[in-house]
Amino acid sequence: MYTLHCTKKLLDRIRQPVAPVAAEPDTKLGNWYATALFWKPQVVLAVNERSLLPVFVPLAPASSVIQRLPGELADVLRRQEVPGAFSDNQLSKMNEAVCL
């Protein structure tokens, strides 16, 4: 599990329930911060709290952004040549997210 801290403009778009408190993340990467960028095409910029690693996720469809973030992260980690054991471990723990 991980926590995604979202800006209000992103929360308005994704319409996900907001948790009352942040939970401790299960991953070594920790929490994420995200905002919507209304470029063409519209994207979500998610930045990791510990590593400051940026990940872009297409905004459409907005309702599944949280579920698609781990897949986009996997692509970024593979391009950065992060060892497969580490990335597989982290991605397996990102099956659940809390949105703040």
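**Group meeting talk: helices, sheet and core**

Hi everyone, let's start in helix α1, where D12 and K8 both sit, four residues apart, or about one turn of the helix. Before I go on, please keep in mind that this is a predicted model.

So what do D12 and K8 form together? They form a salt bridge, and their closest N and O atoms are 3.0 Å apart. How accessible are the two partners? K8 counts as exposed, at 60% relative accessibility. D12 is partly exposed, with a relative accessible area of 43%, which falls between the 20% and 50% cut-offs.

How many salt bridges does the structure hold? Two. The other pair is R78 with D75, again with 3.0 Å between the closest N and O atoms. These residues belong to helix α2, and because they are three residues apart there, about one helical turn separates R78 from D75. R78 is exposed, with a relative accessible area of 57%, while D75 is partly exposed at 23%.

Now to the sheet. It is an open one, built from five strands in the order β4-β3-β2-β1-β5, with mixed pairing. Which strands stand at the edges? They are β4, residues 54–58, and β5, residues 97–99; each has a single partner strand, so one side of each is left without a neighbour in the sheet. From one strand to the next, the twist averages 30°.

Let's walk through part of that sheet. Strand β2, residues 32–37, pairs with strand β3, residues 43–48, in the antiparallel sense, over six bridges. If you want a place to look on your screen, find A34: its bridge partner in β3 is A46. The link from β2 to β3 is a hairpin, made through five residues.

Next along, β3 and β4 also run antiparallel, joined by five bridges. Here L45 stands opposite F56 in β4. The hairpin of β3 and β4 has five residues between the strands, and in it L52 takes a positive phi near 60°.

Where does helix α2 go? Spanning residues 65–79, α2 lies across β1, β2, β3, β4 and β5, and it runs at about 130° to β4.

As a general point, nonpolar side chains in soluble globular proteins tend to be buried together. In this model, the largest nonpolar core has 25 residues, and the members that touch the most others are L4, L10, I14, W32, L69 and L73. Which elements give two or more residues to this core? They are β1, α1, β2, β3, β4 and α2. The largest share, six residues, comes from α2.

Leaving aside neighbours within four places in sequence, L69 is in contact with Y2, L4, W32, A46, V55 and V57.

Methods:
Residues are numbered from 1 along each chain as its sequence is written. This is a predicted model: local features need pLDDT of at least 70, side-chain atom pairs count only at pLDDT 80 or more; totals for chains, interfaces and linings use all residues. Side-chain values use heavy atoms; hydrogens and water are left out. Two strands pair if DSSP finds at least two bridges between them. Axes are lines fitted to C-alpha atoms, for helices over the stretch in contact, and angles run from 0 to 180 degrees between N-to-C directions. Contact means heavy atoms within 4.5 Å. A nonpolar core is a set of buried Ala, Val, Leu, Ile, Met, Phe, Trp, Tyr and Cys residues joined through side-chain atoms within 4.5 Å. Buried means under 20% relative accessible area, exposed over 50%, partly exposed in between (1.4 Å probe, protein chains only). A salt bridge is a side-chain nitrogen of Lys or Arg within 4 Å of a carboxyl oxygen of Asp or Glu.
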